[in-house]
Amino acid sequence: MQWAAYGVKYRRSTDFIFPGTLLIHGQRIQIKFPNATSREFLYEFDQICLQDCYRLTELKNKLKNIQNIVDVGANQGIFAIAARRHFPTASISCYEPNINLKTILDHNASALNVRTYYEAVTKEDCKVELHFGETDLHTVSKQADDGTVSGTSLETVITRAQPKIDILKLDCEGAEWELLEDTESWQKINAVTMEYHLWAKPNSSYEELSARFEELGFYIIYHKALSNTFGLLTAVRKRS
């Protein structure tokens with residue numbers, strides 16, 4: 001049933017071939033994923049687009065007039081597909097520090113009418129260097145004076161979105177802890193949906209993370225621990 005929402009006829013997994021086009025709001029769009037046959041890619045697509053792990057359906061019901069969506073850690077653009085399906089008229093911006101993904105992400109972003117910035121999102125403007133993991137999904141950015149990648153402050157990201165971010169999606173491999181220090185910028189964010197990483201901050205806990213969101217004026221509507229060190233969280237700003 002979930003595949004049908006994207007105009008895909010899904011039969012048996014053993015002979016399934018990922019399509020070159022998806023149906024989004026009655027329009028066939030061409031997408032490109034060079035690793036579409038890999039088990040890891042199919043898992044990511046299933047979780048984000050079919051299982052709605054970032055809770056976009058729930059956010060659409062809770063928030064009104066969603067205009068600006070920012071995807072931090074866009075990778076190849078899977079979340080952008082889900083966001084465009086749920087929010088056909090919203091302005092969507094993707095931030096991805098790994099320039100090696102530019103050809104793929106640019107293609108998919110163009111098809112989805114999404115802006116792309118090849119920058120890391122940081123607490124303050126700076127330079128960062130990238131540390132690559134097993135796959136491009138596990139790229140970690142670290143501030144470095146001689147870094148070759150631009151680190152763009154959360155404040156600047158919000159200024160570009162103007163006047164606020166309605167939904168902020170975060171999957172930045174631990175950089176979220178630094179971003180959460182910017183109390184002022186978070187007042188201009190209405191909802192966050194994210195993968196969190198306890199391993200990135202020694203001796204941290206989910207309780208610490210949830211308490212920080214409480215301090216920032218959010219309440220958590222969804223939490224799922226995926227292991228002892230990372231998980232998923234969705235939170236919405238409290239209304240007075």
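## Around Ile81 and the cores

Leaving aside residues up to four places away in sequence, Ile81 touches Tyr6, Leu22, Ile24, Ile31, Phe33, Phe45, Cys49 and Leu112, where contact means heavy atoms within 4.5 Å. Bear in mind that this is a predicted model: local features need pLDDT of at least 70, side-chain atom pairs count only at pLDDT 80 or more, and totals for chains, interfaces and linings use all residues. Numbering runs from 1 along each chain as its sequence is written, and side-chain values use heavy atoms, with hydrogens and water left out.

Ile81 also belongs to the largest nonpolar core, where it is among the residues with the most contacts, along with Tyr6, Phe18, Phe45, Cys49 and Ile69. A nonpolar core here is a set of buried Ala, Val, Leu, Ile, Met, Phe, Trp, Tyr and Cys residues joined through side-chain atoms within 4.5 Å; buried means under 20% relative accessible area with a 1.4 Å probe, protein chains only.

| Element | Residues |
|---|---|
| Helix H1 | 39-50 |
| Helix H3 | 78-86 |
| Strand E4 | 91-95 |
| Strand E13 | 230-237 |

Helix H3 gives the largest share, 6 residues. Apart from this core lies another, of 29 residues, including Val157, Leu180, Ile189 and Leu209.

Now the whole chain. It has 8 helices and 13 strands, which are DSSP runs (H or I, at least four residues; E, at least two) numbered from the N terminus. Buried residues make up 51% of its 240 residues. Among contacts between residues at least 6 apart in sequence, 59% join residues at least 24 apart.

Notes. Buried means under 20% relative accessible area, exposed over 50%, partly exposed in between (1.4 Å probe, protein chains only).
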